[in-house]
Amino acid sequence: MKLANTTWIFVFLAMLAVTAGPYRAAGAVELQESPAAISEALSMRPSPSEGESLPWTEPVPRTSLSWFGLPNASAADIGVPLYEQDLQQGDFGFQLLPDGLIYRSYLAGPKEPRMSAGIISIPDDSTLWDATIGGRLGIFRLGNSDPIRPRGFQVDVEAAAMVRLDIPEKVDVRSTDYRVGVPLTWGDEVNQWKFSYYHMSSHLGDEFWEKNADFPLFRQARDALVLGRSMYLTDSLRIYAEVGWAFYSVASDPWEMQFGLDYVPRVATGLRGAPFFAVNGYLREELDFGGGLNAQAGWAWRADTRSHLLRLGFQYYNGASPQYAFLPFHETQYGAVLWYDF
C-alpha cells in the first residue's frame, strides 16, 4: 500500500486543530461557581482597615503522591500538574545534562530512539519480536530547568538498535537497523523546532542470511539532515511534521518526510495512568513518496517530577517494512508493545 495521496491526512490534522480549541496553560483554572456565588464569597472576606493590608501567604507547592497514598487520594489530586508554579520561575541559565527534552520523540515514529519491545503478527509471514534498545538525552541546555515543559535551546544525542527476531524460527535475528544522531532543538511550552543530523544503516541477521542465501540485498545507509516542527494544540495534544534530506545514501533516495499527532498526558498520572493515542505517516522518495502508516493506542504512565513516560498498548502498521533491509516488501502488522521514553 503506497500512501502517495496524503490529502486526507492533512485534512484530518486541520480538523483537529480547529476542534481542539486554544491552548490553555497548565496552571489555568476554570471557574465553576456562578457570579452570585463568587460575589457572596468575596463579601465574606475581611476588609483591611485604613493603613493596613492583608498578609500575603506564599502558596505551598503540592507534594507528589506516594505509592501508598494513591488508593486513598481524591480524584482532584490525580493528574494535577506538579509544575504550575515552576512555569513562573525565572531560572534561565546554562545546564549540563538537563532533565527532559524540548523536542520530544514522536510516539508512533517507527525509527525514533527509545526502549521498546513488542510481539507483532504479520499475516502470511510470521510472529515477530520487534525491539528497540536506545534512547535520547540532553547534553546541555540554555534555558530553564523544568524537566516536563522546558524552554530554551538544547543539544541532544540519540542512539538506538532496532532489531527484529523471528519467534517460530528459534528467535533468529532477521535484521537490525542502527541509528545515531545529534538533534539541535529549541522552543517553549507550545512551539518547538528541531534541526538534526543522523546516520542510519540496515543489516540482515546472520541466521536469516544462512537460511536465505538468495535473498536480495537492500542494505541501506543514510546520512541525513532533518528539519522538524511541532506544536501543542492543547496541553496533551501535539501535531508535528518534519522533512529530511540525505547528503549521502545507499539503496535509497535523498528525500523523506513524516507527520502525525500525539495525545498523551503531560502531567503526573500516578498509578492510575491515562489513555494515549498516536498516528504517524512516514513517506520516502524511493517509494514514490509512499510509505507507511502507524497507529497506536493504549495506557500511559508519567513520572511525578521527571519526563519519563511508560506506555503499554496496541499497534497497527500498514505500509513498506520499517526494517530497512526489507523496505521494498509490504507489511500489515498487529501487535502489543511496551514503550519507555526517557
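## A strand trio and a buried glutamine

Strands β8 (residues 237-250) and β9 (residues 255-263) run antiparallel to each other, paired over 9 bridges. Strands here are DSSP runs of E with at least two residues, helices are runs of H or I with at least four, and both are numbered from the N terminus. Two strands count as paired if DSSP finds at least two bridges between them.

Before going further, a word on the source: this is a predicted model, in which local features need pLDDT of at least 70 and side-chain atom pairs count only at pLDDT 80 or more, while totals for chains, interfaces and linings use all residues. Residues are numbered from 1 along each chain as its sequence is written, and side-chain values use heavy atoms, leaving out hydrogens and water.

Back to the strands. On the β9 side, Tyr263 is the bridge partner of Leu237. The hairpin of β8 and β9 has Ala251 with a positive phi near 60°. β8 also pairs with β7, again in the antiparallel sense, and Ala221 stands opposite Val250 there. The two pairings sit side by side in this table:

| Strand pair | Bridges | Residues between the strands |
|---|---|---|
| β7 and β8 | 12 bridges | 4 residues |
| β8 and β9 | 9 bridges | 4 residues |

In a regular strand, side chains alternate between the two faces of the sheet.

Now for a loop residue. Gln323 belongs to the loop between β12 (309-320) and β13 (330-341). Is Gln323 buried or exposed? Gln323 is buried, because its relative accessible area is 5%; buried means under 20%, exposed over 50%, and partly exposed in between, using a 1.4 Å probe and protein chains only. Beyond four places in sequence, Gln323 touches residues including Met162, Arg164 and Asp177, where a contact means heavy atoms within 4.5 Å. A polar atom of the Gln323 side chain lies 3.3 Å from the backbone oxygen of Met162.

Looking at the whole protein, there are 3 helices and 13 strands, and buried residues make up 45% of the 342 residues. Of the contacts between residues at least 6 apart in sequence, 64% join residues at least 24 apart.

Finally, confidence: pLDDT, the predictor's confidence in each residue from 0 to 100, averages 81, with 73% of the residues scoring at least 70. It stays under 50 over residues 1-34, and also over residues 47-88. Where pLDDT is low, the predicted coordinates should not be read in detail.

Conventions: A polar contact is a pair of N or O atoms within 3.5 Å; within protein, one must be able to donate a hydrogen and the other to accept it, and residues adjacent in sequence count only if both atoms are side-chain atoms.
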